[in-house]
Amino acid sequence: MKAALYHGPVGSWPEKPMTIEEVPTQVPGPKDVLVKVAACGLCHTDVTILRGAPVISEFPIILGHEPSGIITEVGSEVKKLQVGQRVIISSNIPCLECEACRSGWENKCGNNVLIGVKCNGALAEYVAAPEVGVYPIPDNLPLEDCCIVADIVCTAFHAVYNRAKVKPGDKVAIYGATGGIGLMCVQYVAAIGATAIAIGRKKWKLELAKELGADETICSEETPELARTLRKMTGGGVDISLDTTGVPAMLDAAFRSTKVGGSIVEIALSFEKMPVDINRLMWWELDFMGSRAFGPTDIPRAFKMLEKGITTLDKMLSHRFKLEEVNEAYQMLERGELVRGAVIF
Ligand SMILES: [Zn+2]
Ligand SMILES: [Zn+2]
């Protein structure tokens, strides 16, 4: 099969680009299925890995953790899935046996399978994965677009419903509402009946945030007094701030514009030292929490909302690439030129 290989070493990309090569197709184990990849979403996590996040133990590796496709083979012990089914493979497959998993914290499983991160992934014509991490796609949803359900659609779901616990009427600021996770947060906040304030750098993406349900938009580059603007806009501060950027200035604005007793939820990874206003945290009794990935029960719930048309994948995939264009695609992602991109096979 054809695949994009990252030969490393850590941090050598893009000077040393990924290469497209012929490699043997994976053989699924007894509990695995083999999926012919239709689309694989391109994620900021991949860029972090390409830029040097020390998570890969062995090179070369095939990246790509957001695939949708069709099952072509099932292992001898696979129980629920069949050849021919349209599926996604979850970007976070818990072991279901460790203490975290048995406590209902499958998103924090330490033995999780991360295809395209810890083992070969889906920037390839075929990819194998354990049955427990593979989910059928509802009939009325497009196969290619569903690749992003494998990660961002569910990551945003967990942040909004399980961590922030947004309620109708809440005023919610979404930092980075111009990226994939941010735009899904906008959709969920709007679906709940809360006020969604979308904050981002690129104006054309803020227009999209509006189309997808944002009540207000703020261009962060044109608004030097971001916290003050938010306080003014909301009559004193927002109930909840969701940060998908990992940018220190954005988190600082969140601390200065979340109202007494409000919550700040961090959904981003960042190598930068982040400011935490400890005085405000204590004096205003703010809740500051992290939100990591999602659990297995979130996937069918996120799919149900898409199936019913409460949320949409339309316009989320702004760019479609060939496998051969993958290096340029990641550079465009890094430059903020995509809403979300995918390699289409
Ligand atoms: Zn991802
Ligand atoms: Zn586990």
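A residue is called buried if 20 or more other C-beta atoms lie within 10 Å of its own, exposed if 12 or fewer do, and partly exposed in between, with C-beta atoms placed from the backbone. The model is predicted: local features need pLDDT of at least 70, side-chain atom pairs count only at pLDDT 80 or more, and totals for chains, interfaces and linings use all residues. Residues are numbered from 1 along each chain as its sequence is written, while chains are lettered from A and ligands numbered from 1 in the order in which they are written.

**Overall form**

The secondary structure of the chain comprises 10 helices and 15 strands; helices (H or I, at least four residues) and strands (E, at least two) are DSSP runs numbered from the N terminus. The C-alpha trace extends over about 60 × 45 × 35 Å along its principal axes. The radius of gyration, taken over C-alpha atoms, is compared with a globule rule of 2.2 Å times the number of residues to the power 0.38. For 345 residues a compact globule would have a value near 20 Å, and the chain agrees, with 20 Å.

Of the 345 residues, 49% count as buried. Two residues are in contact if their C-beta atoms, placed from the backbone, lie within 7 Å. Among contacts with a separation of 6 or more, 68% are made by residues 24 or more positions apart.

Strands are said to pair if DSSP finds at least two bridges between them. Six strands form an open sheet in the order E10-E9-E8-E11-E12-E13, with parallel pairing. Strand E10 (216-219) and E13 stand at the edges with a single partner strand each, so one side of each has no neighbour in the sheet. From one strand to the next, the twist averages 15 degrees.

| Strands | Sense | Bridges | A bridge pair |
|---|---|---|---|
| E11 (238-243) and E12 (258-266) | parallel | five | Ile240 and Ser263 |
| E12 and E13 (287-290) | parallel | four | Glu266 and Gly290 |
| E3 and E6 | antiparallel | five | Asp32 and Pro130 |

A crossover is right-handed if, with the strands pointing away from the viewer, the path from the first strand over the helix to the second runs clockwise. E11, helix H7 (residues 248-257) and E12 make a right-handed β-α-β unit. The chain then passes from E12 through helix H8 (residues 278-283) to E13 in a β-α-β crossover that is right-handed. H7 lies across strand E8 (171-175), E11 and E12, and runs at about 170 degrees to E11. For such angles, axes are lines fitted to C-alpha atoms, for helices over the stretch in contact, and angles run from 0 to 180 degrees between N-to-C directions.

**An enclosed strand**

Five of the five residues of strand E6 (residues 126-130) are buried, so E6 is largely enclosed by the rest of the structure. Tyr126, Ala128 and Pro130 cover one side, and Val127 and Ala129 the other; all are buried.

An α-helix has 3.6 residues a turn, so residues three or four places apart point the same way. In helix H10 (residues 326-334), Val326, Ala329, Tyr330 and Leu333 are buried. Viewed down the axis of H10, these buried residues fall within an arc of 95 degrees, so they line one face of the helix. The arc is that of the directions from the helix axis to the C-beta atoms. Packing partners of the buried residues of H10 include strand E1 (2-5), strand E3 (32-42) and helix H1 (44-50). Just after H10, Gly336 adopts a positive phi of about 80 degrees.

In helix H5 (residues 203-211), the buried residues are Lys205, Leu206, Leu208 and Ala209. Their arc, seen down the axis of H5, is within 155 degrees, so they too line one face of the helix. They pack against helix H4 (180-192), strand E9 (195-200) and E10. Gly213 follows H5 and has a positive phi, near 125 degrees.

**Val326 in detail**

Leaving aside neighbours within four places in sequence, Val326 is in contact with Ala4, Met18, Leu123, Phe321 and Val343. By contrast, Gly309 is 17 residues from Val326 along the chain, and their C-alpha atoms are separated by 31 Å.
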